[in-house]
Amino acid sequence: MKAAITSWADEVEADYVDGLPPSKEYVDGDYKHVTEYKFNDEGKKIKVVRSFKIEKKIVSRAVAKRRNWVKFGDSKLDNPGPNSYTTKVADEILMNYMGSKDFEHTQDPLDAGKPMAKCRICNGEHWSVKCPYKGTSMDMESKAIAAATAAVGDTNKTGKYVPPFLKEGAKGRERDDSSAVRISNLSESMTEDDLEELVKKIGPYTKMYLAREKNSGLCKGFAYVHFKYRKDAAEAIEILNGHGYDHLILSVEWSKPQN
């Protein structure tokens, strides 16, 4: 009778913790082979064999000292090196740092003829700090030209709004107060609506201003009204000057031009 062929998974002893034997490793020349047992996603026992090439490298003293540290906790009895159950072994990435000479050799030969820098003093192919004309009259002249250019650029590109009458070459716009009147001796409770009700029957106006206290917001006692026509402003002075309003006697006069 032919003997039945059994799988290695059936021969694994079940006396181990969670039914899996511990990992094994052995060294064969320059290679270390590690054998591990685990369950796959389907719940079957599988054996994983990893091979590592042993290489000797010169490392810093801190790295060498850290590798001699004694393991503790659940990894106290682990062998030297990473444990696959607690540590994920990834591919090692080596970085080669290039010096300035190596960088010059790796440059594109098409760009070799292009200048790396341009002097602002003599326009030579070197840095301005290494220019032989630094500190001479040529250097002073280049700084003066750069300052003048920057001043012109700042004037033309300030980023702020400039009224048309303040732009270069524009004529100043004078304020027209020929039809404006000043109304004084107003009460503190005066509002813009009250002021409009007071003057709208006399004639059309273009704008009005009621002076108020900055903190309290109460009327300061005077206001300005700009009528559309000068004859209406004269009529307002004749009607409202000496007129009683809100227990006070109003005083109305022509607005004095502001200098």
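The following legends describe close-up views of a predicted model of one protein chain.

**View 1. The chain as a whole contains six helices and nine strands.** Of its 259 residues, 19% are buried. The chain exposes about 22000 Å², and carbon and sulfur atoms supply 53% of that area. Among contacts with a separation of 6 or more, 42% are between residues 24 or more positions apart.

**View 2. Strands β1, β2 and β3 form an open antiparallel sheet, in the order β1-β2-β3.** Strands β1 (24-28) and β3 (45-53) stand at the edges, and each has a single partner strand, so one side of each is left without a neighbour in the sheet. Neighbouring strands here are turned against each other by 20 degrees on average, direction ignored. The antiparallel strands β1 and β2 are joined by five bridges. Within this part of the sheet, E25 stands opposite V34 of β2.

**View 3. Residue T35 belongs to strand β2, which covers residues 31-39.** T35 has a relative accessibility of 13% and therefore counts as buried, the limit for that class being under 20%. Which residues is T35 in contact with, leaving aside its neighbours within four places in sequence? They are S23, K24, K47, V48 and V49.

**View 4. Strands β5, β6, β4 and β9 form a second open sheet, with antiparallel pairing and the order β5-β6-β4-β9.** The edges are taken by β5 (205-212) and β9 (251-254); each has a single partner strand, so one side of each is left without a neighbour in the sheet. From one strand to the next, the twist averages 20 degrees. Strands β4 (residues 180-184) and β6 (residues 219-227) are paired in the antiparallel sense over five bridges. V181 stands opposite V225 in β6.

**View 5. Strands β5 and β6 form a hairpin, with six residues between them.** The two strands run antiparallel and are joined by six bridges. One of the facing pairs consists of Y209 and its bridge partner in β6, Y224. In the turn, G217 has a positive phi of about 80 degrees.

**View 6. Helix α5 lies across strands β4, β5 and β6.** This helix comprises residues 192-199 and runs at about 140 degrees to β5. Helix α6 (residues 230-240) also packs on the sheet, where it touches β4, β6 and β9. The direction of α6 makes about 150 degrees with that of β9.

**View 7. A salt bridge joins E192 and R212.** The closest N and O atoms of the pair are 2.8 Å apart. E192 lies in helix α5 and R212 in strand β5, so described as distant parts of the chain, 20 residues apart. Are these two residues buried, partly exposed or exposed? E192 is partly exposed, with a relative accessible area of 36%. R212 is likewise partly exposed, its relative accessible area being 30%.

**View 8. E42 and K44 meet through their side chains in a salt bridge.** The N to O distance is 3.9 Å, and the cut-off for a salt bridge is 4 Å. E42 counts as exposed, because its relative accessibility is 62%. K44 also counts as exposed, at 52% relative accessibility, where the class begins over 50%.

**View 9. D232 forms a salt bridge with K231.** The closest N and O atoms of this pair are 3.4 Å apart. Which of the two residues is buried and which is exposed? D232 is buried, with a relative accessible area of 4%, whereas K231 counts as exposed at 60% relative accessibility. Both positions fall within the range of helix α6 (residues 230-240). In general, side chains of opposite charge can pair when their charged atoms come close. The count for the model comes to five salt bridges, among them the pair of D232 and K231.

Technical notes: Residues numbered from 1 in each chain as written. Predicted model: local features only at pLDDT ≥ 70, side-chain atom pairs only at ≥ 80, totals over all residues. Heavy atoms only, no water. Helix = DSSP H or I, 4+ residues; strand = E, 2+ residues; numbered from the N terminus. Buried < 20%, exposed > 50% of the residue type's maximum accessible area, 1.4 Å probe, protein only. Contact = heavy atoms within 4.5 Å. Areas by Shrake-Rupley, 256 points an atom, 1.4 Å probe, with all protein chains shown as cover. Pairing = 2+ DSSP bridges. Axes fitted to C-alpha atoms, helices over the stretch in contact; angles between N-to-C directions.
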